[in-house]
Amino acid sequence: MTKYVVDSSCEAVSYRGQRIESAPLMIYTDEVSYIDDGSMDIHNMLDTLEDYKGRSYTACPGTESWLKAFEGGDLIYVVAMTSGLSGTYNSAMVAKDIYLQEHPEARVEVFDTLSTGPESKLVVEKIIELDKSGCTFDEVCSKIREYMKHTRLFFALGSLHNMGQNGRVNKVLVSAIGLLGISIIATASEEGKVKPIAKARGERKVIKHILEEISGAGYKGGKLRISHVENEPLAIKVADGIRGNYADADIEIYPAGGLCSYYAERGGIIIGCETE
Ligand code: X90
């Protein structure tokens, strides 16, 4: 059996009727914990953590979660979020070794997307498309490595509090964001880390920056995926802006999952797109 496996930051459970296995990350404080398995109450988590005075943390999927997702597979494609910010990829590689010892005939390929969210989603969608189109396992793997050179991630966040407290961005950057309605527009760097592009005050400027970045990156009307943290209006405005230039753009908008909601925080949007 062929299996398509992602971590929960990828926010994908199925594609064109094909089931996708998801290994959950976790968000926790000293008092509560949330497992990002599709059943968690994201709205409640955002409220709870907003009022919470102590620290909060996240944890990548453990090897057991990956092994459970691999179970029964003999051709297994794994899409893992950026190794530049998370242990997710490493943990998947450990699980791969264990799985192959028990199933030496199986094939397991783990992709480090050096990204997350909607860009990882584009990758798993492409894996499924290629696999269903009759490519061999090795062909899918080499085409995916090429495909990942032609996708990008952009995001606009109104707060970097949770990224800062977990050491995922420079502290100096954190303090300026959120004050006076200032958002940060950023991208995933080539090393899979947060690379700031601009600060902008007000939604109109945020949209302008995002549209400029997307077109500057070489987006030409292909696939574009937007996940948002309780901010569908902003996602729709960005999509409308894109459709102004590319009426037939393949765009999907959806609420962010638990892990991305925690880090992107209320109001944030994350965009993955294909580039030429
Ligand atoms: O605990 C863990 O291993 C998870 C750590 C995840 C850290 C970053 C998650 C970011 C989620 C926010 C915007 C996208 C930033 C991506 C830059 C590569 C979404």
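Predicted model: local features only at pLDDT ≥ 70, side-chain atom pairs only at ≥ 80, totals over all residues.
**Exercise 1. A pair of tyrosines**

Decide whether the rings of tyrosine 4 and tyrosine 77 are stacked or edge-to-face.

Solution. 
- Step 1: Recall what is needed. A pair of aromatic rings is described by the distance of the centres and the angle of the planes.
- Step 2: Check the distance. The centres of tyrosine 4 and tyrosine 77 are 5.9 Å apart. Rings pair if their centres lie within 6.5 Å.
- Step 3: Check the angle. The planes of tyrosine 4 and tyrosine 77 are at 10°. Planes under 30 degrees apart count as stacked, so this pair is stacked.
- Step 4: Place the residues. Tyrosine 4 is in strand E1 (residues 2-7), and tyrosine 77 is in strand E8 (residues 75-80). The pair therefore ties together parts that are 73 residues apart in sequence.
- Step 5: Look at the surroundings. Both tyrosine 4 and tyrosine 77 are buried. Ring pairs join Tyr4, Tyr77 and Phe137 into a cluster.

**Exercise 2. A second pair**

Classify the ring pair of tyrosine 219 and tyrosine 246, and state how exposed each residue is.

Solution. 
- Step 1: Read the geometry. The ring centres of tyrosine 219 and tyrosine 246 are 5.6 Å apart, with the planes at 85°.
- Step 2: Classify. Planes over 60 degrees apart count as edge-to-face, so that is the class of this pair.
- Step 3: Locate the rings. Tyrosine 219 is in the loop between helix H8 (203-216) and strand E13 (223-228). Tyrosine 246 is in the loop between helix H9 (232-245) and strand E14 (250-255). The pair thus links parts that are 27 residues apart in sequence.
- Step 4: Tyrosine 219 has a relative accessible area of 2%, so it is buried. Tyrosine 246 is at 26%, so it counts as partly exposed.

**Exercise 3. Positive phi**

Locate leucine 180 and glutamate 265, and state whether each is buried or exposed.

Solution. 
- Step 1: Note the angles. Leucine 180 has a positive phi of about 55°, although it is not a glycine. Glutamate 265, also not a glycine, has phi near 65°.
- Step 2: Locate them. Leucine 180 is in the loop between helix H7 (171-176) and strand E11 (182-188). Glutamate 265 is in the loop between helix H10 (258-264) and strand E15 (269-274).
- Step 3: Apply the cut-offs. Exposed means over 50%, so leucine 180, at 64%, is exposed. Buried means under 20%, so glutamate 265, at 12%, is buried.

**Exercise 4. Around alanine 235**

Find which residues alanine 235 touches, leaving out those up to four places away in sequence.

Solution. 
- Step 1: Alanine 235 is in helix H9. Alanine 235 is buried, at 0% relative accessible area.
- Step 2: List its contacts. Alanine 235 touches Ile226, His228, Ile253 and Ile269.

How values were computed. Residues numbered from 1 in each chain as written. Heavy atoms only, no water. Phe/Tyr/Trp six-rings, centres within 6.5 Å; stacked < 30°, edge-to-face > 60°. Helix = DSSP H or I, 4+ residues; strand = E, 2+ residues; numbered from the N terminus. Buried < 20%, exposed > 50% of the residue type's maximum accessible area, 1.4 Å probe, protein only. Contact = heavy atoms within 4.5 Å.
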